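This report describes the fold, the ligand surroundings and some backbone features of one protein model. Please keep the sequence and structure at hand while reading.

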Amino acid sequence: MNKPSFDFGMIGLGVMGRNLLLNMADHHFAVIGFDNDKTKGATLESAASPGTLVKAAGTLGEMVEYLKTPRKLMLLVPAGPIVDDVINDLLPLLSNGDIVIDGGNSHYTDTIRRINFLQDKGVHFMGMGVSGGEEGARKGPSIMPGGDVLAWQQVKPILESVAAKVNLPAGQGGGEPCVAYMGKAAAGHYVKMVHNGIEYAVMQLISEVYDLLKHAVGLNNDELYVLFKKWNEGEMQSFLIEITRDIFLKEDDITKNRLIDMILDKAGSKGTGKWTSQDAMELPVPVPTIDIAVAMRDLSVFKEERIAAAALYKPKIKPITSHKEKFIQQLHDSLYCASIICYAQGLAMLHKASAALKMDIPLQDVVRIWRGGCIIRSSLLEIFTAAYKKDKQLVNILLNKKVASLIKKKQAALRKVVQQGSAVKIPVGGLMSSLAYLDAYCSDRMPTNLIQAQRDYFGAHTYQRIDKEGNFHTEWNA
Ligand code: 6PG
């Protein structure tokens, strides 16, 4: 091919970078990729569909030379200093007006720093969240770009063609692409961070329900499969329920047991959940189910201590012996209810961050593009999309009437499950904190008057009164 004739360049040909590039090629874009590891370039070329234009460049310089101007490039490399290293290598090769997209899970403060740095050099820099894992990247992810609007306009046709599509008109193809402009500055990475926070929280809830179903109700993996299959066919349809269903059937190649029973109970993380909690406290805005999800992953890693504590305290799980069917229905309803509360926390955080960090995040578009492709896609997102269509400035999804009616129907089950969980000694921190958030959020009378009094008592921090404006102090000991 003549130079320059490629539409899009990718730096980092790991599975995500390669799959996204192949997805673009399948949509008739000529694409070129570069990776320091040459075997990855070879894998890219050999995986290309026949008739598509896919090339692996030998050097970064070669890749830049082959791109049409203004150049459109994406980095899909591990978040952190590597992103800065690649930008520094790239910079002398770029021209005014070129567009560089960071498609990894970078922290939004790094993205702001990079936008400012590159703006001075005439290069458009965009932070963009990409969700959907390997398969999503290949077949259609949910894409969350933010920052430079002019750059967004230029990459929009490519991103729209590769994104997941929802609500496909019968027999006509097409459908609504799961990509939209997420707002100014580092909004793309901010939205993706909160997406991951919700992901952590919902995964935590599902794991608690699994614990109860397995150890309190006594379901085996086949029964769990059947139950999650049924749940996924109803109002709780979601990607996470769907993959959980399939996990229960997977056989271990080594022992021929079910793989789930051979996996160690220690969950790692790459940090986006922790960032969501940290940044929520920074705002501040409460996201307690996300906090507990991070804490439970952290606690899981203390395996030796947990073994020692179990030997000391000898907790005995008491199985449930009667009304099992009723309890299973309550578990369904409590998972549904608590999941709504997780989304409510994450979306309320985005609402507050949007104003505090001047990002102008369009929440109606956030929930719209989360309906397909991403890890937290769920039938709930249709309900949230309708809610934000009605009121773009909705501060918390729990204030929407339709959502409130769903919560009212299911909250009794959540209460029962939380009681039952503590009675049978199975930790249900995610479910509990969702319920506590709901009860506190829906309360016009919290006990924080006492906290005000205590602070004033020991530290003269003053308090406000219910009957007059102003700050007051009392000599409590006098
Ligand atoms: C996605 C995922 C993806 C990644 C998570 C995993 O939306 O496709 O969120 O970004 O799998 O970052 O995060 P942890 O390793 O922290 O669980």
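Across which strands does helix α5 lie, and at about what angle does the helix run to β6? Helix α5 (residues 108–119) lies across β5 and β6 and runs at about 150° to β6.

## Basis of the model

The model is predicted: local features need pLDDT of at least 70 and side-chain atom pairs count only at pLDDT 80 or more, whereas totals for chains, interfaces and linings use all residues. Residues are numbered from 1 along each chain as its sequence is written, and side-chain values use heavy atoms, with hydrogens and water left out.

Seven strands form an open sheet with mixed pairing, in the order β3-β2-β1-β4-β5-β6-β7. Strands β3 (54–56) and β7 (142–147) are the edges, each pairing on one side only. On average, neighbouring strands of this sheet are turned by 25° against each other, direction ignored. Strands pair if DSSP finds at least two bridges between them; helices (H or I, at least four residues) and strands (E, at least two) are DSSP runs numbered from the N terminus.

Strands β5 (residues 99–102) and β6 (residues 124–131) run parallel and are joined by four bridges. Within this pair, I99 stands opposite H124 in β6.

## The ligand site

Around the ligand are 14 residues, of which S131, K192, E199, Y200 and K270 come nearest; a residue is near if one of its heavy atoms lies within 4 Å. Helix α8 (residues 187–217) gives the most to this shell, with five residues.

The ligand taken alone exposes 410 Å², of which the protein buries 80% (Shrake-Rupley method, 1.4 Å probe).

## Backbone exceptions

Most residues other than glycine have a negative phi, and most peptide bonds are trans. The peptide bond from T69 to P70 is cis, with omega near -15°; P70 is in the loop between α3 (60–66) and β4 (72–75). The bond from L283 to P284 is cis, with omega near -10°.

K425, although not a glycine, has a positive phi of about 65°. This residue is found in the loop between α17 (401–423) and α18 (429–441).

Key: Axes are lines fitted to C-alpha atoms, for helices over the stretch in contact, and angles run from 0 to 180 degrees between N-to-C directions. Contact means heavy atoms within 4.5 Å.
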